[in-house]
Amino acid sequence: MQAHFTFDPNDEGWAAATLTVTGERGTLILDGRVPNTVRFTLNAWEEQTLNTWGTTVALTVRAGWQADGTLALTLLLIGDGARWEVRWPAPDAPVTVHLCAPHYGEGHTLSARASTLGA
């Protein structure tokens with residue numbers, strides 16, 4: 001399964017995303033100022049790095065299908081405890097990305113609508 005998304009304008013500089021799930025493995029490709037690929041395994045934590053905010057950060061990622069059919073990903077930044085919560089409720093639905101980082105001020109949510117770009 002693969003889906004493409006176009007982000008609303010945002011401070012992170014993310015323009016588009018592609019979410020792919022094949023069996024128990026998947027990727028979330030974020031296109032923007034610095035493209036990134038986040039790898040994940042369903043129902044398991046996976047450590048990796050992400051190039052963003054002008055630096056490389058270590059993170060651990062966990063993904064899983066929720067009871068209501070939503071694909072949920074948690075990206076936990078190891079160095080400072082901030083996390084991104086990604087939610088994709090259905091194939092034609094938008095994806096939301098919520099930053100939970102109280103020490104940076106209030107969290108914020110990015111929204112990306114389903115798109116045929118990149119298909």
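Which loop holds Asn-43? Asn-43 lies in the loop between strand S4 (36–41) and strand S5 (46–52), where strands are DSSP runs of E with at least two residues, numbered from the N terminus. This is a predicted model, in which local features need pLDDT of at least 70, side-chain atom pairs count only at pLDDT 80 or more, and totals for chains, interfaces and linings use all residues. Residues are numbered from 1 along each chain as its sequence is written, and side-chain values use heavy atoms, without hydrogens and water.

- Asn-43 is not a glycine, yet has a positive phi of about 60 degrees.
- Asn-43 counts as exposed at 53% relative accessibility (exposed is over 50%, buried under 20%, partly exposed in between, with a 1.4 Å probe and protein chains only).
- Thr-41, in strand S4, counts as buried at 18%.
- The side chains of Thr-41 and Glu-46 are joined by a polar contact of 2.8 Å (a pair of N or O atoms within 3.5 Å, one able to donate a hydrogen and the other to accept it; residues adjacent in sequence count only if both atoms are side-chain atoms).

**Trp-14**
- Trp-14 is found in strand S2 (residues 14–22) and is buried, with a relative accessible area of 8%.
- Beyond four places in sequence, Trp-14 is in contact (heavy atoms within 4.5 Å) with residues including Phe-7, Leu-30, Trp-84 and Leu-110.

**Nonpolar core**
- The largest nonpolar core has 31 residues; such a core is a set of buried Ala, Val, Leu, Ile, Met, Phe, Trp, Tyr and Cys residues joined through side-chain atoms within 4.5 Å.
- Among the members touching the most others are Phe-40 and Leu-71, and these two are in contact with each other.

Methods. Helices (H or I, at least four residues) and strands (E, at least two) are DSSP runs, numbered from the N terminus.
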